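Hi,

Here is the structure I promised to pass on. Have a look, and my notes on what turned up in it follow below.

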Amino acid sequence: LVANLFGFSEDDLKKVLDTKQCPKCDLKGANLQGAFLEFANLSGADLEGANLEGANLLGASMDGANLKGASLKNSNVKGATFKSSNLSNAVFEGADASGAIFKRSNMNGANMKGAKMQGAFLKEANMQNADMNGTNLKNANMVATKTTNADMSNAETSDVYKSEPKKGKKGKYVKGKKGAKKAVAKKGKKSGKSNKAKKAKK
């Protein structure tokens with residue numbers, strides 16, 4: 001009866017809890033509250049409307065997954081990947097998503113209120129209409145991120161990257177005092193001396 005009401009597969013639910021390996025699984029509306037899914041593979045899974053509140057998804061792979069309207073309130077998704085995932089209207093309130101990757105994900109209308117997103121990779125993500133009130137976005141990569149009508153009041157946005165750093169001749173990057181990346185081209189003293197010697201010979 002539960003499966004008929006919410007549409008998820010009981011077999012897939014058992015599989016993800018037992019093995020943590022369930023790519024493209026049908027978990028729509030499933031109750032995974034407080035589940036221990038550290039480093040789980042849920043790539044391409046259907047988790048629309050699923051309850052993942054307080055779940056441990058540290059380092060989990062959820063690329064291309066459908067998490068529309070899912071609740072990940074107070075969950076641990078540190079270092080997890082959500083590349084090109086559907087997170088529209090999902091709830092991440094109070095979650096720890098520091099270092100997580102949301103590249104090109106759809107986060108339209110998502111609730112990220114008070115979430116920890118330090119160092120998160122949000123490049124080209126759609127965060128329009130999202131609630132980021134009080135969200136910690138320090139050192140996050142928000143290059144080409146869409147934030148139209150998003151509520152970012154009281155959000156921590158220091159050292160947020162909003163443009164690509166320029167590459168030096170060696171393609172090296174270092175962080176400046178304020179976190180801004182600067183290109184460094186190595187030009188040693190030896191090269192300078194060799195140039196002077198060549199001029200002297202001429």
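**Confidence and aromatic rings**

The chain has a mean pLDDT of 85, with 78% of its residues at 70 or more (pLDDT being the predictor's confidence in each residue, from 0 to 100). Helices (H or I, at least four residues) and strands (E, at least two) are DSSP runs, numbered from the N terminus.

This is a predicted model, so local features need pLDDT of at least 70 and side-chain atom pairs 80 or more, while totals for chains, interfaces and linings use all residues. Residues are numbered from 1 along each chain as its sequence is written, and side-chain values use heavy atoms, leaving out hydrogens and water.

Now the rings: there are three aromatic pairs (Phe, Tyr or Trp rings, the six-membered one for Trp, with centres within 6.5 Å; planes under 30 degrees apart are stacked, over 60 edge-to-face, the rest tilted). Phe-82 and Phe-92 sit edge-to-face, 5.9 Å centre to centre with 85° between the planes. Both lie in the loop between H2 (10-19) and strand E1 (172-175), so this pair ties together parts 10 residues apart in sequence. Phe-82 is buried at 0% relative accessible area (buried: under 20%; exposed: over 50%; partly exposed in between; 1.4 Å probe, protein chains only). Phe-82 also pairs with Phe-102: centres 4.9 Å apart, planes at 0°, so stacked. Phe-82, Phe-92 and Phe-102 form one aromatic cluster.

Cheers
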